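Colleague: I would like to go through some of the terms used for this model. Please set each value against its definition.

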Amino acid sequence: MFFGFEAVLGDEAEGLKVHPLAFREALVWHLVEGGFTHPSETWWLYDRVRSVAVHGGEPPPVERPTAESMAWRLRITLNCVLAIAADQQLTRRVQLRRFLDKHPDGAQLVDWLRTNAGADWDSFLAARSPAPGGTTPSNGQGL
């Protein structure tokens, strides 16, 4: 399932992909659906399951409901990506990534993650916006 995320939202030049993928997933949901699932769910599955398995390790077991939820989230994410691409007339993945990475709502998502995501996100968030501040959304459903 993560190959779909990587194909649409990833960039090989980024090196570690987990944070940008989870961040972009949350942002496309926010832009199209008005809310998002916590990006740390994607982060954990990608980092602790997918990456371990791809690099030859023994990943932790993933229960069927978790795998089904991830498949559902991937379908929703791809539908959101298609909606954004059509609305913005984006025809290449690089255009989509640039649109998402420069979208003004990204700053709000950074603020939300600083409050709600934990230390696993610190280095990514520092690189996105070194100066903390801004308004933190009051709910966990969106910005």
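Modeller: Contact means heavy atoms within 4.5 Å. By that rule, E6, A7, V8 and L9 in α1 meet R93, L96, R97 and L100 in α5. The model is predicted: local features need pLDDT of at least 70, side-chain atom pairs count only at pLDDT 80 or more, and totals for chains, interfaces and linings use all residues. Residues are numbered from 1 along each chain as its sequence is written, and side-chain values use heavy atoms, leaving out hydrogens and water.

Colleague: Why is α1 called roughly perpendicular to α5?

Modeller: Helix α1 (residues 2-9) and helix α5 (residues 93-102) pack at about 85°. Angles of 65 to 115 degrees count as roughly perpendicular (under 35 is roughly parallel, over 145 roughly antiparallel, the rest oblique), so α1 is roughly perpendicular to α5.

Colleague: What makes the pair of F36 and W112 edge-to-face?

Modeller: Rings of Phe, Tyr and Trp (its six-membered ring) pair if their centres lie within 6.5 Å; planes under 30 degrees apart count as stacked, over 60 as edge-to-face and the rest as tilted. The centres of F36 and W112 are 5.0 Å apart and their planes stand at 85°, so this pair is edge-to-face.

Colleague: Why does W112 count as buried?

Modeller: Buried means under 20% relative accessible area (exposed is over 50%, partly exposed in between; 1.4 Å probe, protein chains only). W112 has 2%, so W112 is buried. F36, at 5%, is buried too.

Definitions and conventions:
Axes are lines fitted to C-alpha atoms, for helices over the stretch in contact, and angles run from 0 to 180 degrees between N-to-C directions. Helices (H or I, at least four residues) and strands (E, at least two) are DSSP runs, numbered from the N terminus.
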